Amino acid sequence: MNFERTIVITGGAGFIGNHVVRLLVNKYPSYRIVNLDALTYAGNLENLRDVEDKPNYYFERANILDKDALERIFVLYQPDGIIHLAAESHVDRSILSPMDFVYTNVIGTVNLLNTAKYFWNNSFENKLFYHISTDEVYGALGETGFFTEETPYAPNSPYSASKASSDHFVRAYGETYHLPVIISNCSNNYGPYHFPEKLIPLFINNIIHKKPLPVYGDGKYTRDWLYVKDHARAIDMIFHKGKIHDTYNIGGFNEWQNIDLVKLLCKMMDEKLGNAAGTSEQLITYVKDRPGHDKRYAIDASKISKELGWEPSVTFEQGLSETIDWYLENTEWLKHVTSGEYQRYYELQYHKRD
Ligand code: NAD
Ligand code: DAU
């Protein structure tokens, strides 16, 4: 079959990646979509069961640290687009083992940049290296204000420092070698297939199992939440219509203090589970704070809105309700991803913190 384009999506078996893969495979049957993923603890091919038999979907198990594997994949598929999501993505794990983040997020990204540069060999027309990043690179906000594309980088965790470093390398390859690059920086995503180490899916899983809900510090930290399918839509728009060498901020215009979000989640779960009002709130347990915890994130997403016409498509209440329903309908998925390594991590993170 002759394909119009070939896009390699790294990290396609992860949380955001599977939504991007699904959207592009279904929306563009004339594109060949190659999911390149090492299948770490966070990558799961169960996330893509509904697309794995599509004729335009391909999977390659490979680590972005493995230069030979990247070369083999570039020779085999001759991609003209890269959407780079593969990363170590959890702040708490980055505090426990920062080097994993240096290897994958920094060195892995540079490996991928080198491979694209070598294979595209200065023939950059219709090529794009699109790097997916985070608002955490900007550091923390006070009570007011928003992150714009001009906000200086000030990362505070090993995770955000590794993402900031990867962003700098991507930008530098654009400037130095004229590699056609775009970067986007998004706020906190939530939705189906979110690994239950992150706040929302962890708390949904714990409510299902009537386990404590560990709120860090005073719970008054603020995040700007975006439904993952809206992030995938933004990535599609930026990939097709974004300006080369530019950056775009993506956010939900949807700020929540953690404790208010947790209380809303408890209320919605009690309704859906048929519990008496207030049942799940009793599970809230304040625990020792995350070191270097960023107080507040909030994205000014007016540039992508004005230039590309992107807006979030669902309200937080709709997105959260759909998300909870998905977890309640997919308890087997939850059971699979929380067996094995997850138990070891949970013990280390929540029971041996001092
Ligand atoms: P995730 O942890 O759910 O998935 C990461 C994926 O990358 C997994 O499939 C994993 O197997 C793969 N991977 C990890 N190391 C690899 C390696 N060395 N080689 C190849 N594959 C590897 O992450 P996510 O939440 O889906 O985030 C995806 C990207 O989006 C990341 O770059 C992250 O920094 C960024 N981001 C995430 C959020 C969020 O709220 N989750 C928000 C903004 C930006
Ligand atoms: O802002 C984008 C970032 O959002 C992404 O780049 C990261 O990959 C993603 O993990 C996310 O980072 P956060 O650290 O904001 O997400 P997390 O779900 O870990 O935490 C959200 C908030 O909830 C944060 O203030 C810490 C708090 N928290 C988290 C956990 C896991 C708790 O209070 N208790 C918990 O057990």
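Residues are numbered from 1 along each chain as its sequence is written, and chains are lettered from A and ligands numbered from 1 in the order in which they are written. Because the model is predicted, local features need pLDDT of at least 70 and side-chain atom pairs count only at pLDDT 80 or more, while totals for chains, interfaces and linings use all residues; side-chain values use heavy atoms, with hydrogens and water left out.

**View 1. The shell around ligand 1.** Ligand 1 is surrounded by 28 residues, where a residue counts if one of its heavy atoms lies within 4 Å of the molecule. The closest are I16, D37, S89, Y159 and K163. By class, the shell holds 14 nonpolar, twelve polar and two charged residues. Here Ala, Val, Leu, Ile, Met, Phe, Trp, Tyr, Cys and Pro count as nonpolar, Asp, Glu, Lys and Arg as charged, and the others, Gly among them, as polar. At least two shell residues come from each of α1 (15-27), β5 (128-134), α5 (158-177) and β7 (188-190). Strand β5 gives the most, with three residues. Helices (H or I, at least four residues) and strands (E, at least two) are DSSP runs, numbered from the N terminus.

View 2. A polar contact is a pair of N or O atoms within 3.5 Å. A nitrogen atom of ligand 1 is 2.8 Å from an N or O atom in the side chain of N63. Oxygen atoms of ligand 1 lie 2.9 Å from a polar backbone atom of G14 and 3.0 Å from a backbone N or O atom of L85. Ligand 1 alone exposes 840 Å², of which the protein buries 96%; accessible areas come from the Shrake-Rupley method with a 1.4 Å probe.

**View 3. The site of ligand 2.** Of the 26 residues around ligand 2, the nearest are D135, E136, Y159, R290 and Y350. The shell divides into twelve nonpolar, seven polar and seven charged residues. Oxygen atoms of ligand 2 lie 2.7 Å from a polar side-chain atom of T134, 2.8 Å from a backbone N or O atom of Y216 and 2.7 Å from a polar side-chain atom of H293. On its own ligand 2 has 690 Å² of accessible area, and the protein covers 94% of this. Two or more shell residues come from each of α3 (91-96), α6 (199-208) and β8 (213-216).

**View 4. Helices α2 and α4.** The axes of α2 (residues 67-77) and α4 (residues 98-120) come within 10 Å and cross at roughly 40°. Axes are lines fitted to C-alpha atoms, for helices over the stretch in contact, and angles run from 0 to 180 degrees between N-to-C directions. In α2, K67, L70, E71, F74 and V75 meet N111, L112, T115, A116 and F119 of α4, contact meaning heavy atoms within 4.5 Å. This contact has six nonpolar, two polar and two charged residues.

Key: Polar contact = N/O pair within 3.5 Å; in protein donor to acceptor, adjacent residues only side chain to side chain.
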